[in-house]
Amino acid sequence: MGETAIMFESFNALMNEPMSRHTTLKLGGPADYLVFPRSAEEIRALFAEAGAYNLPVTVIGHGSNLLVLDGGIRGLVISVSKNMRQIRREGDRLIAQAGAMLGSVAAEAAEAGLAGLEFASGIPGTVGGAMTMNAGAYGGEMAQVVTRVNGITPDGKPVTLSNEEMQFGYRTSAVGRINFVVTEVVFTLTPGEPEEIRARMAELNAQRAEKQPLDQPSAGSTFKRPEGYFAAALIDQCGLKGYAVGGAQVSMKHAGFLINNGESSKDFLELMEKVQQIVEERVGVKLEPEIRIIGEMEKEA
C-alpha cells in the first residue's frame, strides 16, 4: 500500500476517504484512494497506474444516483465531478465535460438561447452519469439532445459514439455494455427565446420542489418505473410512506424517494429490499433499483 500511495501522490489522491462526503445520500465507507482528474489524459494515466498494481478502478460523478456500502470501495475511485466541468458553445451545440452538472449545462443553454435541456435543469447529476442512465424527467431525456459522446476505455483507447451507437433506452445506454468512461458530450439544441426557456425551467423546478424531498439526503428516484406502473404509486398503495429501517425512510412527500436520516448504508439497503419484497407480495410487481449500488458490506466485528 505504501508504494501505491507514492504512485498516486502526483494526482493528490485522498487516502481512506469516506464516500459519505461524496454522495448525495451522505452514506458510504472509505475509498482506498480517491482522485479528481482534470482531463481525459489524466484518466488514461490513472488507469495505467492502477493497472500496474492490479487495483480495481471505480468511476463516479456527483454521487447523486449512488449507494456506497458501509465497507467502502477497494482500489481507486476516479471522480470527474470536481475538475472536469468545462462547457463551451459552438453554434447550436454545447460541448460539456463529463463532470459538468446538468443544471449548469441547462443554465448555459438558456443563456445562449438554446432550447431542449429545460427538463434537465433540476436533475442533480453530472453529464457523464446522465449518459450512463439516459437521465430524464418531465418527458425529456438525454437521447433527445445528445449527438456525440467521447470517452476512454480502461486500456486507454479513445471512444466516440453517435446518438444511435449509444443505444439509449429507459435508464440505460451503451456505456455499461461497452465499458468506457465518458469524458465529453456534445448536445445539439434548438434556438429559442431565453426568457421562454428560463420560464419553462422555473416551472419544472417549481413542480420538482413541490413534489420531491429536495431538502433531505436521497439518491433521487430509488427504483425504475415498472412497465405499465409508477414505482411511487405502488409503494404508496402499499402504505409504505414513512416506513423506516433504522435511519433510512420512505419519504412522506414522495414514495419513490428513499431518504437517509442516519449513517448506515446497511439500513438503506435493507429498506430497499423490504420495499421490493412488500410491493411484490402485495401487488405482484418486482421493483428494480434505479440507483447504482457499489462497494463492500462492512465486515462483522
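Glu42 is found in helix H2 (residues 40-52). The model is predicted.

Me: Why is Glu42 called buried?
Reply: Its relative accessible area is 15%. Buried means under 20%, so Glu42 is buried.

Me: What makes the pair Glu42 and Arg38 a polar contact?
Reply: Their side chains are joined at 2.5 Å, and the cut-off for N or O atoms is within 3.5 Å. Leaving aside neighbours within four places in sequence, Glu42 is in contact with Phe11 and Pro37.

Me: Why is strand S2 described as mostly covered?
Reply: S2 spans residues 30-35, and five of its six residues are buried.

Me: How do you know that S1 and S2 pair?
Reply: Pairing needs at least two bridges. Strand S1 (residues 14-18) and S2 have four, in the antiparallel sense. Leu14 stands opposite Leu34 in S2.

Me: What joins S2 to strand S5?
Reply: Four bridges join S2 to S5 (residues 73-79), and these two strands run parallel. Here Tyr33 stands opposite Leu76 in S5.

Me: Why is H3 called roughly antiparallel to H6?
Reply: The axes of H3 (residues 102-111) and H6 (residues 194-211) cross at roughly 150 degrees and come within 8 Å. Angles over 145 degrees count as roughly antiparallel, so H3 is roughly antiparallel to H6.

Me: Which residues make that contact, and of what class are they?
Reply: H3 contributes Ala106, Ala107, Ala110 and Glu111, while H6 contributes Pro194, Ile197, Arg198 and Met201. By class, six are nonpolar, none polar and two charged.

Conventions: Residues numbered from 1 in each chain as written. Predicted model: local features only at pLDDT ≥ 70, side-chain atom pairs only at ≥ 80, totals over all residues. Heavy atoms only, no water. Axes fitted to C-alpha atoms, helices over the stretch in contact; angles between N-to-C directions. Parallel < 35°, antiparallel > 145°, perpendicular 65-115°, else oblique. Contact = heavy atoms within 4.5 Å. Nonpolar A, V, L, I, M, F, W, Y, C, P; charged D, E, K, R; others polar. Buried < 20%, exposed > 50% of the residue type's maximum accessible area, 1.4 Å probe, protein only. Polar contact = N/O pair within 3.5 Å; in protein donor to acceptor, adjacent residues only side chain to side chain.
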